[in-house]
Amino acid sequence: MFKKILIAEDFQDTNKGIVNALENRMEVEDIQEELYCDKAFNRFKVAFLNKEPYDLLVTDLSFKEGPVARRLTSGQALIDAVRQVDPDIKVIVNSMIDDPTQINPLFTDQKINGYVCKGRNGLNELIIAIQEVYQNRTYVSPQINLNSSNSVFELDKYDLLILQDLAEGFTKKEISEKLKNQNISPNSESTIDKKVSRLFDAFGAKNTHHLIAKLIKQGRI
């Protein structure tokens, strides 16, 4: 079993619950917890430099702002930082998010080893996830169907046309004019805006640049 586990979770009660469950039900020698991503990373880095590395990181995705200034503001950022120091560390995400379109990139892009959706059976699932990941197997909460995101990711010709123009720096108004000149419908600026907003939701993007970067990384445009 893992000898050393680091838990990053911004709710202290949740942290304590996880620690108690692991101590009572698993033979883990050292379990450490942090409420902030930066502190979790600093603890991880010191342990790594001292040649006493953590075997597993368990992290939430969302971290609320607090009185401490933050550099790493999310679980994704923490995973990226940790991976740069130790690419081989095992990572399990423990989060409320149940949207496959947001979870899939964690496996494909950030190479996490397990995903547990918080809920009534969350602690039990986390125990199972740790056991599975220790055996070099991937774990996903049974209520999450990652394959269901495939249809959301399908881009039609109209989507690709708009995305390619956005990637080349055209504004939505300019794209609307181009479509009108090419006799392509629908071509109103409001329709394009709605289409882009839907793509934001489908791919979990924050803005146009983020959307284009994600799709390029996935090889879709």
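Two strands count as paired if DSSP finds at least two bridges between them. Helices (H or I, at least four residues) and strands (E, at least two) are DSSP runs, numbered from the N terminus. With that in hand, strand 3 and strand 4 pair in the parallel sense, over four bridges.

A word on the ground rules. This is a predicted model, in which local features need pLDDT of at least 70 and side-chain atom pairs count only at pLDDT 80 or more, while totals for chains, interfaces and linings use all residues. Residues are numbered from 1 along each chain as its sequence is written, and side-chain values use heavy atoms, with hydrogens and water left out.

Contact, by the way, means heavy atoms within 4.5 Å.

Val 93 in strand 4 is the bridge partner of Thr 59, and Tyr 115 in strand 5 is a bridge partner of Val 93. Strand 4 and strand 5 run parallel and are joined by four bridges. Five of the six residues of strand 4 are buried, so strand 4 is largely enclosed by the rest of the structure. Buried means under 20% relative accessible area, exposed over 50%, and partly exposed in between (1.4 Å probe, protein chains only). Further along, two bridges join strand 5 (residues 114-117) to strand 6, with Gly 114 opposite Tyr 139.

**Rings and charges**

How many aromatic pairs does a search of the whole structure find? The search turns up three. Rings of Phe, Tyr and Trp (its six-membered ring) pair if their centres lie within 6.5 Å; planes under 30 degrees apart count as stacked, over 60 as edge-to-face and the rest as tilted. Phe 2 and Tyr 134 are edge-to-face, because their ring centres are 5.1 Å apart and their planes stand at 80°. This pair links distant parts of the chain: Phe 2 is in the segment before strand 1 (4-8), and Tyr 134 is in helix 5 (residues 122-134), 132 residues away. Phe 41, Phe 44 and Phe 48 form one aromatic cluster.

Charges sit over rings too, meaning that NZ of Lys or CZ of Arg is within 6 Å of the ring centre and within 35 degrees of the ring normal. Lys 4 does this over Tyr 54, 4.8 Å from the ring centre, and Lys 178 over the face of Phe 170, at 4.4 Å. Both Phe 170 and Lys 178 are also in contact with Asp 165, as is Ile 175, leaving aside neighbours within four places in sequence. Asp 165 itself is in helix 7 (residues 157-167).

**Cysteines and burial**

No disulfides (cysteine sulfur atoms within 2.5 Å) turn up anywhere. The sulfur of Cys 117 is 19 Å from the closest cysteine sulfur, in Cys 37, too far for a bond.

| Residue | Relative accessible area | Class |
|---|---|---|
| Phe 2 | 6% | buried |
| Tyr 134 | 36% | partly exposed |
| Cys 37 | 2% | buried |
| Cys 117 | 6% | buried |
| Asp 165 | 7% | buried |
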